[in-house]
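Please look over the notes below with the structure open beside you. Each point takes up one place in turn.

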Number of protein chains: 2
Amino acid sequence: MHSVAEALRAALPPHTVATDAETLERLSHDDAEWAEFGLPAAVVFASRIDDVVATVRIAAAHGVAIVPRGAGTGLSGGANATSGCLVLSLERMTRIVEVDAAERYAVVEAGVLNDDLRRHVAAHGLWYPPDPASQAISTIGGNVATNAGGICCVKYGVTRDYVIGMTVVLADGSIAKLGRTTAKGVTGYDLTGLFVGSEGTLGIIVDVTVKLRPLGGREERAVVGYFRTLTDAGRAVAAVSEAGIVPSALELIDRTCLHAVAQWQGWDLPEDANALLLAKVDEPGARGEELAAAIEAHFRTEGGDRVERAVEPADIDRLFAARRLAYPALERLGPVLTEDVCVPRGAVPEMLARIEAAAADAGVVIANIAHAGDGNLHPLIIAPEGDDDAKSRAKAAFDRIVDDCRALGGTVTGEHGVGLLKLGGAAAELSPVVRGLHRSIKHALDPAGMLNPGKAFPNGD
Amino acid sequence: MHSVAEALRAALPPHTVATDAETLERLSHDDAEWAEFGLPAAVVFASRIDDVVATVRIAAAHGVAIVPRGAGTGLSGGANATSGCLVLSLERMTRIVEVDAAERYAVVEAGVLNDDLRRHVAAHGLWYPPDPASQAISTIGGNVATNAGGICCVKYGVTRDYVIGMTVVLADGSIAKLGRTTAKGVTGYDLTGLFVGSEGTLGIIVDVTVKLRPLGGREERAVVGYFRTLTDAGRAVAAVSEAGIVPSALELIDRTCLHAVAQWQGWDLPEDANALLLAKVDEPGARGEELAAAIEAHFRTEGGDRVERAVEPADIDRLFAARRLAYPALERLGPVLTEDVCVPRGAVPEMLARIEAAAADAGVVIANIAHAGDGNLHPLIIAPEGDDDAKSRAKAAFDRIVDDCRALGGTVTGEHGVGLLKLGGAAAELSPVVRGLHRSIKHALDPAGMLNPGKAFPNGD
């Protein structure tokens with residue numbers, strides 16, 4: 001019998017199958033620090049749906065697992081290779097198939113970058129809201145497979161809220177066209193929704209139909225302020241929410257993160273700056289002005305320091321610089337393991353206090369960026385390169401954070417997905433009955449278990 | 001062996017199981033005209049989740065099908081009994097379990113009426129948007145099982161967009177708690193989304209967690225106008241959309257409907273009034289004023305007659321009276337079969353022309369209410385009571401409308417569900433592969449096929 005790589009080469013166009021060591025290594029994992037991965041037997045760079053179908057059929061015939069991937073920017077290990085698998089890259093499927101400006105939808109192949117979709121539809125006066133931090137480099141296929149979130153989802157929702165259809169190659173190589181292009185539709189089960197966030201375990205998403213919003217009619221205003229305590233910042237977030245204001249961004253940066261940025265950039269922080277809140281509203285005109293003023297007032301009432309407002313894009317960028325620079329500032333200190341937990345909004349200060357305690361007990365640096373308006377925290381855990389002891393203490397802190405988020409009524413992943421890193425947390429969060437439902441559905445759609453095995457949900461009892 | 005009714009009586013609290021002829025008949029069908037139904041063996045009125053679990057177990061042991069239902073206001077036959085089945089009514093499960101104003105969610109049992117949920121959360125300063133026409137009498141459980149739409153979903157989305165968790169009793173009597181209460185969360189598959197719109201075929205939904213919006217910050221303004229042709233009205237809808245305006249309602253009423261209302265109410269219609277457009281915006285203050293003025297201008301430019309604007313609630317009610325009175329006006333003419341198809345927004349005039357042709361050819365009256373902003377049409381087909389020939393011609397018109405909607409790129413049900421009436425349309429719309437996916441998932445979750453058999457999707461190859 002031929003090897004699976006030979007069979008693929010015989011069936012697929014030239015330059016589609018790679019088996020060189022560099023490519024195998026480069027596409028063996030995503031951006032999740034510390035998640036395990038093996039070396040694939042081959043990498044397939046699909047350019048067309050036919051390539052995907054052929055790959056799935058050949059993999060099935062050879063009993064080889066398939067690990068699909070977009071740009072590999074995931075942070076949970078969802079695209080990590082298992083040993084001897086086929087990695088199926090959708091990066092070359094970059095066609096924007098259709099933009100219908102009147103009906104406000106677009107059909108795009110899985111490998112289209114989030115920012116490329118945005119730019120393309122903007123030319124038609126349309127807007128695709130979901131804005132994961134990776135938007136410049138991550139693919140729509142990956143965004144959909146992980147149900148990616150972002151900063152504006154506090155007001156505009158997550159990827160799932162925009163996906164109304166898709167084409168999927170199933171485990172037997174058949175092609176399923178799911179969903180619709182109309183504004184509404186309830187014909188049959190919501191299979192489109194089931195595939196969103198399924199991390200490549202139920203089928204290979206080859207194109208996606210997304211609904212779009214009008215681009216115009218928005219006008220951004222930013223409000224930022226420093227706070228002396230996390231509790232003060234938490235009260236400010238609660239006050240904005242209780243006032244019925246739905247901001248288009250409401251981010252929090254903690255002390256550790258602030259100091260890392262300030263030290264790097266030579267900034268002068270206010271004394272006792274323990275948190276920075278960054279808000280945006282996007283209602284145009286007088287209404288936007290009124291909402292921004294109200295947020296400013298709430299920030300001040302709850303003890304905000306150096307509270308500033310901006311409406312000019314350059315000024316907004318300046319006020320949001322700390323948010324943009326947070327991650328690179330921390331990466332200077334060592335490999336960053338990005339956590340992702342979601343708690344009730346009101347529990348954000350308590351969760352941050354618990355994270356601080358976990359960091360102190362473990363003797364590791366943990367900085368925090370949070371989508372405070374959603375209760376979605378990203379503790380950034382840092383262990384200096386090569387310090388195995390610190391790494392193992394960091395892992396313990398990671399587990400403790402996951403436990404703490406559940407103790408506060410939260411969920412173990414807000415927007416990054418289960419992948420490999422959250423399998424333990426998901427096993428604790430999902431009841432045996434619900435895990436059984438996952439197994440039943442997985443088995444129904446992928447009886448041989450060949451699609452991204454071991455990801456997305458805990459497969460044990 | 002005891003009958004299933006005897007076994008249920010032995011296991012359940014008093015006054016829970018009914019077998020009297022009147023109750024069996026009354027709960028044997030929903031509000032879908034002409035959909036088939038049989039007589040159930042018994043009706044169970046569950047008050048607690050334990051009642052549901054016991055009913056499912058006893059039904060399974062006796063090999064008897066369960067047809068769950070809320071208030072029975074469905075329009076597709078989704079709650080119609082099969083002969084000898086158990087009808088499981090959730091109407092008595094009316095507890096509002098929790099409202100969390102700070103986190104903006106509510107947990108309610110399946111039998112809570114849509115309007116009761118609205119009223120209850122309004123007291124907490126919160127708003128549950130989905131507003132099916134049946135909102136005063138339909139249950140949240142039914143709304144979720146059918147993924148109900150409504151008038152405001154052109155701006156605010158459908159039921160599915162608000163359901164973040166639920167408790168479901170599965171076919172084996174086990175209890176699955178799905179979803180979360182946090183703003184975001186991607187732990188495992190989106191099983192909550194899979195159950196939304198599954199019409200009771202995958203499990204019995206006993207409670208639902210819905211996210212809510214702030215009640216305040218909205219201010220309604222209405223704009224209405226008559227149009228001489230459907231094409232003019234269609235151009236007005238397109239002009240509003242192309243201007244990037246997302247109205248909170250955009251309804252169309254056709255000539256037949258208008259004349260039925262006018263005749264009943266003694267109204268004087270403009271000459272050549274072939275369509276009425278009714279729009280709302282809900283942005284507060286100057287912005288709302290600006291948008292309403294823009295809609296008014298678009299209506300006038302496209303030939304609108306008697307274009308009026310209103311901001312006082314009583315005036316808005318008056319302008320929207322034709323929408324409110326349309327259905328009762330038509331019911332005076334005979335039993336009304338409510339169609340539900342969804343086409344691209346831009347195809348609404350063409351679809352209405354085709355419906356008019358279908359009515360003329362069949363010699364039946366078909367009036368139209370449409371959620372024009374969504375492309376979701378509700379042709380109301382009327383055949384005089386007792387006229388079997390007219391009824392059969394009406395059915396032919398129904399099938400032709402379904403075919404036409406698909407020919408225009410539409411979907412056979414926009415918001416009412418497949419139930420029984422749209423099984424044929426769904427079979428034509430869903431490919432064999434997609435129908436196979438439905439069967440696989442149904443079999444995985446309900447291997448004996450005891451939950452609402454024969455509904456929601458075409459079960460053949």
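Predicted model: local features only at pLDDT ≥ 70, side-chain atom pairs only at ≥ 80, totals over all residues.

1. A:Asn147 sits in a loop of chain A, between helix 5 (140-146) and helix 6 (153-156). Check its backbone too: phi is near 50°. That is a positive value, and the residue is not a glycine.

2. Now turn to chain B. B:Asp272 is not a glycine, yet its phi is positive, about 60°. Look for B:Asp272 in the loop that runs between helix 9 (255-265) and strand 14 (275-281) of chain B.

3. Next, helix 16 of chain A, residues 432-445. How far apart are its end C-alpha atoms? They are 20 Å apart. The helix has 14 residues, and at 1.5 Å a residue it should span 20 Å, so the two values agree.

4. Stay with helix 16 of chain A and look at its buried residues. They are A:Val434, A:Arg435, A:Gly436, A:Leu437, A:His438, A:Ile441, A:Lys442 and A:Leu445. What covers them? From chain A, the cover includes helix 7 (191-195) and helix 15 (423-429). From chain B, it includes strand 9 (175-179), helix 7 (191-195) and helix 16 (432-445).

5. Last, the domains of chain A. The assignment gives domain 1 (2-89), domain 2 (96-214), domain 3 (217-331) and domain 4 (334-417). Taken over C-alpha atoms, the centres of domain 1 and domain 3 of chain A are 42 Å apart.

Conventions
Residues numbered from 1 in each chain as written. Chains lettered and ligands numbered in written order. Heavy atoms only, no water. Domains from an automatic or database assignment. Helix = DSSP H or I, 4+ residues; strand = E, 2+ residues; numbered from the N terminus. Expected span 1.5 Å × (residues − 1). Buried < 20%, exposed > 50% of the residue type's maximum accessible area, 1.4 Å probe, protein only. Contact = heavy atoms within 4.5 Å.
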